[in-house]
Amino acid sequence: MEHKILKSFPNDFLWGSASAAYQVEGAPFEDGKKASVWDNFVRIPGKTFKGTNGDVAVDHYHRYKEDVALMKELGLKSYRFSIAWSRILPDGRGEVNQGGLKFYEDLIDELITNGIEPIVTLYHWDLPQALQDLYGGWESREVIADFVNYSEILFNAFKGKVKYWVSLNEQNVFTNQGWVTATHPPGKKNLKLFYQVNHHANLANAAVINKFHDMKMPGQIGPSFAYTPQYAIDSNPMNVLAAENAEEMYSHFWIDVYIYGEYPIVALAHLREQGLAPEFADGDAELLKSAHPDFLGVNYYQTATNAWNPVDGGVGATEFNTSGKKGTTKESGVPGLHKKVQNPFIERTNWDWEIDPEGLRIALRRITSRYRIPVMITENGLGEYDKLEDGKVHDEYRIAYLESHVKAIKEAITDGATVIGYHTWSYTDLLSWLNGYQKRYGFVYVDQDESMEGSLKRIPKDSYYWYQQIIETNAEEL
């Protein structure tokens, strides 16, 4: 659809930005906090870029007031951040750590005082190490009750202050990279276990959404999903089928469960055929069916293009680009399902992520048609090498990226999608998990690198002032 006039963003649209606890806070063992799985995983040689870790990160734990002041100057309407489970419950269960709880209470109060809506993510990958040691973390059904207990503590603590809650961040990513590629904790490669772990995460997500609604919490809750819309490389029916397979296995397999409480038919049939289907216990099906998220969080970065990949002679999995050397990504796939190939019509980042703003519009259209649920864009951004020159960062490439994606959202709203907010990844530069501090996403440059001995000085980039104008005008001057 081509529109001559685009609808305006809603007056109460949540123009925001985002972060995650492990990537920004530092202070991993202060005020009663104990280790998360990430505190330990980053110490395994070769797992992260030059051995970088989050011991200091960008020291948000001690500098949150400075960061919130910059948010206010920018004009942010909302700030999405995660809470570290092991700050609240150092052993994952048991007695509440009041020191950890107070940090988040102070942060939330500081945001509210400055007119910024706090959006809390309950789980952004940093499981308490104690629960991993006790019963294998997400590999055990015990994690469901522990996650609900932890979440209930936060619901009670911040009821009336926090209106928007994200239950799980990118479940599809932390399960896949933890149990398929072994690039995230616990670093295993076990496909059967991956599907069972993911099932436990689905149950935990449903249980915590039900707890939120049972408590009659004021506000809304929903999971955040890393959505990569799938394309076919051309109109060859086999390539179209490959794209359908990828959309089914990498998108519907999660979102159908969130919204409908059921695994998609084709995906489940495939897993049963392969002997990989998750095992259901009594009550699982009913629990999944009973949970109803209020919105769907969408983390959007790229699309993927597919071609047919035969069982005999097909391409298997390969390592993805964590080097930042453009063009080093190889074709990868699953024989009998699909393979990912290069799309000749779009540009890529130095990490070979497709730059495709039209894909965001397509994502919102697909979600609107299939699920009919409001969407909050919980992440969208460009990771690149930013250079500080004469005390400034001229990141016009980030401005071009973000502006094109904001326009795509506006077009999707005109198409009929309901979008309640847009959160860039990220607010400040931060530790980019496996990529260390070389891959920068923020509006605010932070003097930190792989030496982890930077001054941590905050310097707004050109994109900071661009976003300030977007917020002031509600994107009317795109």
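**Close-up 1. The N474 side chain and the backbone oxygen of P10.** In this predicted model, the side chain of N474 comes to 3.4 Å from the backbone oxygen of P10. You'll find N474 in the segment that follows helix α15 (462–473). Setting aside neighbours within four places in sequence, N474 touches F9, P10, N11, F13 and W15. Is N474 buried or exposed? Its relative accessible area is 14%, and the cut-off for buried is under 20%, so N474 counts as buried.

**Close-up 2. S290 in helix α12.** Here we're looking at S290, which sits in helix α12 (residues 284–290). A polar atom of the S290 side chain lies 2.8 Å from the backbone oxygen of L287.

**Close-up 3. Helix α13 against helix α14.** This one shows α13 (residues 357–371) packing on α14 (residues 396–415), with the axes 8 Å apart and an angle of about 30° between them. Angles under 35 degrees count as roughly parallel, and therefore α13 and α14 get that label. The crossing of α13 past α14 is right-handed. Which residues in α13 and α14 meet? From α13 come P357, E358, L360, R361, L364 and R365, while α14 supplies S404, H405, A408, I409, E411, A412 and D415. Sorted by type, the residues of this contact are six nonpolar, two polar and five charged.

Note on methods: Residues are numbered from 1 along each chain as its sequence is written. This is a predicted model: local features need pLDDT of at least 70, side-chain atom pairs count only at pLDDT 80 or more; totals for chains, interfaces and linings use all residues. Side-chain values use heavy atoms; hydrogens and water are left out. Axes are lines fitted to C-alpha atoms, for helices over the stretch in contact, and angles run from 0 to 180 degrees between N-to-C directions. Helices (H or I, at least four residues) and strands (E, at least two) are DSSP runs, numbered from the N terminus. Angles under 35 degrees count as roughly parallel, over 145 as roughly antiparallel, 65 to 115 as roughly perpendicular and the rest as oblique. A crossing is left-handed if the near helix is turned anticlockwise from the far one by less than a right angle, and right-handed if clockwise. Contact means heavy atoms within 4.5 Å. Ala, Val, Leu, Ile, Met, Phe, Trp, Tyr, Cys and Pro count as nonpolar, Asp, Glu, Lys and Arg as charged, and the others, Gly among them, as polar. Buried means under 20% relative accessible area, exposed over 50%, partly exposed in between (1.4 Å probe, protein chains only). A polar contact is a pair of N or O atoms within 3.5 Å; within protein, one must be able to donate a hydrogen and the other to accept it, and residues adjacent in sequence count only if both atoms are side-chain atoms.
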